[in-house]
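Please open the structure in a viewer and keep the selection tool at hand.

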Amino acid sequence: MKLRKPLLAALVAGLVATGGLLTATLVSDTSGSTAQDAPVPVPTRTASVVRQTMVSSTDVEGTLAFSSQRKLTAGGQGTFTWLPAAGSTVKRNGRLYEVDGTAVRLMYGDKPAYRTLKKGDEGEDVRQLKQNLIALGFGSGLVADDEFTEGTERGVEAWQESHGLKETGTIGPEQIAFAPSAVRVQTAQATLGGRSQPGVTVLTTTSSERVVQFDLEVSEADDIGTGDVVTVRLPDGRSVKGEVSSVGRTAEVDPQSEDKTPKVEITVELDRPGRVGGIDKSPVTVTLSGERREDVLSVPVESLLALENGGFGVRVVDDGEARDVPVELGIFADGRVEVSGGGLHEGMKVGVPA
């Protein structure tokens, strides 16, 4: 990704001020060389001019969270007799909740369970059911198509038998619920002993993997694409790699923030989400890679001088003498800045604050 440069003057002015360097006054003679009104003091500390590849970066604040929040609603009537604990993970065939002692179990699929499936039915929900029966070992001879066949009926009966249920060969929202993958229980809206009614929210769930989300202004988000690699600094100090998985298509204003600039939401998937623990939501820092420059000269940022004419320079030390030379600035990265001009070359020494 290629992020736009910040205003160099504002950035360097702050860095120079904190570095304690004096402003240098440069006067050009008729030959075009630079002379000083007075001898330039020789710095007690120096650093080398380095030739390297530089990659700029930008830090933004993000949130580590679980993605894909969704509501899971009840499929039948009765009394809630068991509910999962917040933070627990439910995988395929696992219990989501119980009504009148009968568990509603998770199966994988994008389409919700909305009807009782029986022999002769057709549809995407039938395909999902058959895919789950096959994955669980109850689909011997089944083909994962849209038709509820006699083989599907036998598979459902075998699944029901494995859970001690009446083997009806039909199955619906009273026994199963679909979600795209394993879910993590965020909260339970239902209460033990409470009444279950179709459509009543039972649980709020999320995906079982952690993601990072952050907001960017539209002009900056234009330079980011899916697949871009970022670094995420976690609350415990560790840094992990991640990849941009989605870039929001709609710019929105956060009603809770004083900043009313429209922004888009960026989502990052972590390389090893299973190794990232912590509370449900926590702040993180995301480092975005920016412009890449190869084979350029760089100096420490604190070696820069703010010149009276409004530019910037460095104090070069050579054979025990010092001179101030103007430079053009490029990108900033890892405490260094790209410089050019002034006859600089690799290995040259420049002054830095003592």
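The stops that follow concern a nonpolar core, several salt bridges and a charged surface patch.

The model is predicted.

**The core**

Begin with V212, F214, L216, V232, I266, V286 and L288. Within the largest nonpolar core, which comprises 21 residues, these touch the most other members. Next, colour the strands β4 (50–66), β14 (210–217), β15 (229–233), β16 (239–247), β17 and β18, each of which supplies at least two residues of this core. The largest share, four residues, is contributed by β17. In soluble globular proteins, nonpolar side chains tend to be buried together.

**Salt bridges**

How many salt bridges does a search of the whole structure find? The search returns 14, and three of them are visited here.

Select R51 and D295. These residues form a salt bridge in which the closest N and O atoms are 3.5 Å apart. The pair connects distant parts of the chain, since R51 belongs to strand β4 and D295 to strand β18, 244 residues apart. With a relative accessible area of 35%, R51 is partly exposed, whereas D295, at 52%, is exposed.

Proceed to R115 and D125, another salt-bridged pair, whose closest N and O atoms lie 2.8 Å apart. R115 is located in the loop between β9 (102–108) and α2 (124–135), and D125 in helix α2; the two are 10 residues apart.

Then select D146 and R127, whose side chains meet in a salt bridge of 2.8 Å, N to O. Because D146 lies in the loop between α2 and α3 (150–162) and R127 in helix α2, the pair ties together parts that are 19 residues apart in sequence. D146 counts as partly exposed at 28% relative accessibility, and R127 likewise counts as partly exposed at 27%.

**The charged patch**

Finally, display the surface and select E209, E243, E269 and D271, which gather there in a patch of negative charge. D271 is placed in the loop between β17 (263–270) and β18 (282–300). Its relative accessible area is 54%, so D271 is exposed.

Note on methods. Residues numbered from 1 in each chain as written. Predicted model: local features only at pLDDT ≥ 70, side-chain atom pairs only at ≥ 80, totals over all residues. Heavy atoms only, no water. Patch = residues over 30% accessible without salt bridge, like charges linked within 9 Å, V, L, I, M, F, W, Y side chains within 5 Å. Areas by Shrake-Rupley, 256 points an atom, 1.4 Å probe, with all protein chains shown as cover. Salt bridge = Lys/Arg side-chain N within 4 Å of Asp/Glu carboxyl O. Lys, Arg positive; Asp, Glu negative; His and termini not counted. Charge placed at Lys NZ, Arg CZ, Asp CG, Glu CD. Buried < 20%, exposed > 50% of the residue type's maximum accessible area, 1.4 Å probe, protein only. Core = buried A, V, L, I, M, F, W, Y, C linked by side-chain atoms within 4.5 Å.
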